[in-house]
Amino acid sequence: MITCTGCSLLCDDIDVVIENHRIKEVRNACRRGAAKLKGCRNRLRPSIDQTPADIDTSIKRAALILKNARSPMLYGWSNSTCEAQSNGIKLAKKLNAIIDDTSSFCQGLLIEKVLKKKFRACSLDDVKNKADVLVYWGSDAQDSQPRHLSRFSYFPRGESRQRGYEEDRIAIAIDVRESNTAKICKGHFYRIPLKGDREFILSLTGALSGKVPKHDAKRILELADIMKKAEFGAIFVGIGLTYSIKDDVDILVALGDMLPNFHILPMVGHYNMRGFNEALFKETGFVNRVRFDSTAVHENKYAIVEALKQKSIDALLVTGSDPLSCLPGSMISYLASIPVICIDPCVTLTSKISKITIPSAVSGIESGGSAVRMDGKVIELSGIVENNYLADTEILSRIMEEL
Amino acid sequence: MPTVMELYKLLPKTNCKKCGESTCMAFAVALLSRKKKVSECTPIIEEMFKKDREKLESLLLPSSGAGETGMIVHTELCTGCSNCVVACPVDVANDPRGAGTGGAPTNDKVIFRVVDGKVVASNIKECRRFGKNRVLCYACIDPCPTGAIEFV
Ligand code: SF4
């Protein structure tokens, strides 16, 4: 059995058939996971200025760039092992660098609330064993974390939910479109207008305290009733809801406070984003957007998006992410104008514009370690395929040694 | 899937009974439930019905891969989410601690398993839609939002 790193569910019941140092067949992983486990078609090679180089020289040059930079940033981390992340934080400290991860434009704010215990959270195993009401809000788990409903929430039989989805559980979807998750929730799908989440939360909190909502009163009252009667409820907060309510997370806290039997779980995409948030939080009290100086300073200008907008960084180390594929186009020209060091197993859009590329082993397949599941549980990753690549952890250690 | 009427319209409509059914309509029903093959209608083999025969065969093509229970898995639509693996009552009964609780199947008695990200059906005779006491079970169709499982 191995662990899948396809998403933050880190399914650890996967079987593989290995042939000629490659995974030939994957059993039990979803399509997304199987594709990830089979590895990339286009392996990254070490290079400097787009010219092939040997790995030692690439590492030395990377260290030199970071050392000479006035304001370097270390970014990515959501597809790196906990061990690599902790090395990354050490490196940032040593360089007095900015460190940020993908959560700064994803679920960071929500995870911070969870770590600060502002929400009642629970584990996915609790959800499986106890939950009777499941609310997918702005989340299409069925497509983003494909085994969420089958492994943990709606379909499985759990300790106190022996009759599974047929009788023991209700799944609800609140979304702006009828996603695949909403299709499963059928009679309990609440379609809301774009950016309508805030208003819906307010109507729902009103309904919970007995006020009749102005719009769609019958259905919102019905939803409030289901939620009130829940023995063990879970709200899975997707990126749709997070983007829609922006910094106004407190209204979600208020909703949570009105529902004493409910638990709030942020839906995380990349396999170890939560791992990075937890590690940095432990070190600094913040989950992202930190600059190390004599102390750790947390400011919005240290978010990758802001830093690129303000052109305030002069070197970027990227690992465990492909920012070029997801950042707004307007920032890309600046990104391409500064030295970028890319550590990745595969050729990515970012690696194509990078000054230095350093190939790494595929974590969870070619190198082991650990990662934190979306609910905070630490899961071991195994390195099962023999290979000659350095693990991202080792590459970061080597860069540190070179400084 | 085509309707009985669509199939019927393409038959000779002479009720000649050569296929063993009492009417062409009955033969159309038998075609749809895969109890009869197009070739059992001997008149349609004739050249004058060539176009109708080809149309019939193309309409029935999607169901040609169906197993004895009539199940077709459209692998191109499957996301490997395992909802069917966990929801199928046969899988739950045969593997209560594995598939039944959301995990990977722990034995070979299950109907559904996911290989290379796509569902594969085996032990099809265990399916509740098969055999003497068959029931019209929808437990694997309902949890699949992409419509990857179909019975014909
Ligand atoms: S749900 Fe996520 S962790 Fe599980 S098999 Fe699919 S991609 Fe991998």
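This is a predicted model: local features need pLDDT of at least 70, side-chain atom pairs count only at pLDDT 80 or more; totals for chains, interfaces and linings use all residues.
Residues are numbered from 1 along each chain as its sequence is written, with chains lettered from A and ligands numbered from 1 in the order in which they are written.

Select A:D56 and A:R398. Their side chains form a salt bridge, 2.5 Å from N to O. A:D56 sits in helix α2 (residues 55-68) of chain A and A:R398 in helix α18 (residues 392-402) of chain A, so the pair ties together parts 342 residues apart in sequence. Helices (H or I, at least four residues) and strands (E, at least two) are DSSP runs, numbered from the N terminus.

Next, show chain B with chain A. The contact (heavy atoms within 4.5 Å) takes 28 residues from chain B and 26 residues from chain A. About 2000 Å² is buried between the two chains, 48% of it on carbon and sulfur atoms; buried area is the accessible area (1.4 Å probe) that two parts lose on being put together, summed over both. The rule finds one salt bridge across this interface. Select B:D116 and A:K38 to see a salt bridge whose closest N and O atoms are 3.1 Å apart.

Now turn to the sheets of chain A. Strands pair if DSSP finds at least two bridges between them. One open sheet has nine strands, ordered β4-β3-β16-β15-β14-β5-β6-β12-β13 (chain A), with mixed pairing. At its edges are β4 (51-52) and β13 (296-298) of chain A, each pairing on one side only. Helix α3 (residues 82-95) of chain A packs on this sheet and touches β5 (72-76), β6 (98-101) and β12 (290-292) of chain A; its direction makes about 170° with that of β5(A). Axes are lines fitted to C-alpha atoms, for helices over the stretch in contact, and angles run from 0 to 180 degrees between N-to-C directions. Select helix α14 (residues 273-284) of chain A as well: α14 lies across β6, β12 and β13 of chain A, at about 145° to β6(A).

Move to the open sheet of five strands, β9-β8-β7-β10-β11 (chain A), where the pairing is parallel. The twist averages 15° from one strand to the next. Within this sheet, five bridges join β7 (residues 133-137) to β8 (residues 170-175) of chain A; A:V133 has A:I170 as its bridge partner in β8(A).

Finish at the ligand. Residues around it (a heavy atom within 4 Å) include A:C4, A:C7, A:C11, A:C30 and A:R147. The shell divides into eight nonpolar, two polar and one charged. Here Ala, Val, Leu, Ile, Met, Phe, Trp, Tyr, Cys and Pro count as nonpolar, Asp, Glu, Lys and Arg as charged, and the others, Gly among them, as polar.

Definitions and conventions. Side-chain values use heavy atoms; hydrogens and water are left out. A salt bridge is a side-chain nitrogen of Lys or Arg within 4 Å of a carboxyl oxygen of Asp or Glu.
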